[in-house]
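Hi,

Here is the structure I promised to pass on. Please have a look at it first; my notes on what turned up follow below.

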Amino acid sequence: MFKNEDKGQGSIEFLFLISFGIILALLLTNSLAQEYDLTLSIAAKNGVTTGLDGGRLSVFEKSAYNKYKINNSVLTHPNSIKLVKIETIDRGGYDSRYNRTSIQIKAFVSSSSVMLKGDRTSTGDRINFNLRKSITMTFGTSNLTNTLHNPCFSNHHVYTTANVQWV
């Protein structure tokens, strides 16, 4: 007597289940894409390594070399700088100027050979430049920034760098 009433119930439940699955997948995709973006930006550590090795690997213009030779002689010779850690700091969420979430990166380094404040500032600038350049190269966004790669961009974030902290 009630045979026709429960025939549509299974297909409606199936449609609800499929709809819920699609909505959940879309929400997770957005969240995972942003997490992947942040994880990939940690590839900037390669840029820090390049900045640390820059004193050993750099080719300076003659005028720049002469300036470093007089004012920052320690930067023209190999030195040992060790990366201690890299921090990423959420700078308060969404930046409407760039339509991206704002993140600040701060590198902590130590060295027994780079002691003068000017040398540390110059080395820190080189480290930060290579860090930002690494991010723009990783994401292919060097066309969105200036020659100093400041700020630098990924797909979902805008990155700036804080002064390198010497420990």
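One aromatic pair comes out of a search through the whole structure; rings of Phe, Tyr and Trp (its six-membered ring) are paired if their centres lie within 6.5 Å, with planes under 30 degrees apart called stacked, over 60 edge-to-face and the rest tilted. This is a predicted model, in which local features need pLDDT of at least 70 and side-chain atom pairs count only at pLDDT 80 or more, while totals for chains, interfaces and linings use all residues. Residues are numbered from 1 along each chain as its sequence is written, and side-chain values use heavy atoms, with hydrogens and water left out.

A ring also meets a charge: the charged end of Lys-85 sits over the ring of Phe-108, 4.8 Å from its centre (NZ of Lys or CZ of Arg within 6 Å of the ring centre and within 35 degrees of the ring normal).

Now to the backbone. The loop between helix H4 (117-139) and strand S3 (152-153) holds Pro-151, and His-149 lies in the loop between H4 and S3 as well (helices are DSSP runs of H or I with at least four residues, strands runs of E with at least two, numbered from the N terminus). Asn-150 and Pro-151 are joined by a cis peptide bond, with omega about -5 degrees. His-149 is not a glycine, yet its phi is positive, about 60 degrees. Because its relative accessibility is 9%, His-149 counts as buried (under 20%; exposed is over 50% and partly exposed in between, with a 1.4 Å probe and protein chains only).

Asn-99, in the loop between strand S1 (81-95) and strand S2 (100-111), is another residue other than glycine with a positive phi, near 55 degrees. Asn-99 counts as exposed because its relative accessibility is 53%.

Best wishes
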